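Please examine the sequence and the three-dimensional structure shown below. The paragraphs that follow lead through selected elements in turn.

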Amino acid sequence: MRRVKDLSVLVQARSAMTLVAALGFALAGCSGSEDTSSANPAAVTINTPVQIAQVSAEDYNENVNGLITGQTLQNWIDDWQNNKPAGINGRLVILQMTTGPEGGEYITPKPQEGVLTYRMDTGRLTQVRSNGVIETRSVVPDGNQMDGFLQDYNIDPRNDMVVCAMASGGYFPVMQKGRCWYMLRYWGTAKDNLAVLNGAAASPEVMDPSYLGSTGTCDEHLMVTAGAPNCLPRNGRVSVRDLPEDNISLQATVEDVIAAAEGRQDAFIWDARSANEYSAVQGVAEDKYLGIDFRNGASKQGHPVGAVVLPYSNLLMSDGTFRYKPKADLLAYMNGEEVDGAQFERYDSGALIPLGVGNAYRPGQTVITYCETTFRAMITGFASAAVLGLPNRFYDGAMVEWNSLSAGVQDKFGSFILPTDSPWRTDLVSRSNWEYNTPAAIDARSIQDPYAARTNAVTAADRAYRLGQGSGDSAGGGGGVTLPANPCGG
């Protein structure tokens, strides 16, 4: 396979570099339109995964960013002006992925005191984008979509504290909270201005029920509901170009994963899916999900060479609150220890083999985590990056993209998806014993250029947008995609 240079290595080598430009970018007003043609970006520091990572306190109650508890959020709601974390000068903006039961749908805001709650439009967490070779269905939004989000919700990540939360619990909403954190962090929100509520707010173990209430009206609560989309203020004037951090190295490209699989990058490749999906166990039937139609109905997907598996659900408590396990348990997993009957495993000689103590994560490695659409991996990656403080990257293309870059596969129109001489053949660095479906069951893929020099069109476009260059759209960009509330997630 033709070797390619890894952009992340170049970025990390220049991690201290600061790009200076003039301040003063402003979006259009309340009309919802944007004018970025004359944008002047703020000075920006390009951060490496090491610099992006943050270490949680052993007691999650002590955190004032990253992973916070209901106790901390209640303290803020009680008296935001006096209890806000040091250095936060703006409002408390709570973005809910789900609503709670009747009568307690929302974490009750106090608009006059600077506490706002919004029902998050989770379709805005992802976007169909191209990496230069292939179009992928759920990737971090581009600069235009992100600026539209900040404008519609009137969020100023430089000054506000943003909390990604859920009222009712579930695995998929936890993934969406992770996507919320990833989207904001990737586009330059500082760690001090961003938090994820640990668990479901509607669980009494997480928050006092008195802090949740009914929907109310737009004027009273500034909430956005499915039936009242115009509750959004739509008067924000901050762009990602105003943010001083560039955290785009949070995303790993397919070329990064190929390099890790070939041993050219020292990475801990973490598969967040089930052991069956990881090892391609035969005889396990599953319906087609999210257009993943390469499976033959009796097998699963396999994995990149060198990847290990610890399913995402093992990181969460089993008490129905969907809280992360204690930090000590997460650290034990990373060391290869068994916790609650689970530990990292690898596939060897046709069987899953536990890695054992000291044989899992090695200090100095960068974690690259993925699943099927990098929704489940938002749980593993958030734990890695924002609780344990490890350098972490998300392979956003995930197995949907990875398996689509296998050569010699025909779709239902008789076209080969990827030519055998493409430098981006992932089947050469994959382990599986699964068989392709019949061509009649395989949908066409959107291949832009099987011979592209790089697979970093998304991150290159986003970095250019941050610097005031280009439209922010990578080739083949599209609208947001709402994924189904499938308990398996992505």
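Is the crossing of α6 and α11 left-handed or right-handed? The crossing of these two helices is left-handed, a term used when the near helix is turned anticlockwise from the far one by less than a right angle, right-handed being the clockwise case. The model is a predicted one, in which local features need pLDDT of at least 70 and side-chain atom pairs count only at pLDDT 80 or more, while totals for chains, interfaces and linings use all residues. Residues are numbered from 1 along each chain as its sequence is written, and side-chain values use heavy atoms, with hydrogens and water left out.

Helices (H or I, at least four residues) and strands (E, at least two) are DSSP runs numbered from the N terminus. The axes of α6 (residues 171-186) and α11 (residues 377-387) come within 8 Å and cross at roughly 50°; axes are lines fitted to C-alpha atoms, for helices over the stretch in contact, and angles run from 0 to 180 degrees between N-to-C directions. The two helices are therefore oblique to each other, since angles under 35 degrees count as roughly parallel, over 145 as roughly antiparallel, 65 to 115 as roughly perpendicular and the rest as oblique. Contact (heavy atoms within 4.5 Å) involves residues of α6 including Y171, W181 and Y182, and residues of α11 including M378, F382 and A386.

Helix α11 is mostly covered, with 11 of its 11 residues buried, where buried means under 20% relative accessible area, exposed over 50% and partly exposed in between (1.4 Å probe, protein chains only). After α11 comes G389, whose phi is positive, near 75°.

The account now turns to the strands. Strand β19 (residues 366-370) runs parallel to β20, joined to β20 by three bridges; two strands pair if DSSP finds at least two bridges between them. In β20, R393 is the bridge partner of I368. From β19 the chain passes through α11 to β20 in a right-handed β-α-β crossover: with the strands pointing away from the viewer, the path from the first strand over the helix to the second runs clockwise. Strand β13 (residues 251-252) also pairs with β20 in the parallel sense, over two bridges, and Q251 stands opposite F394.

How are the faces of β20 (residues 392-395) covered? N392 and F394 on one side and R393 and Y395 on the other are all buried. In a regular strand, side chains alternate between the two faces of the sheet.
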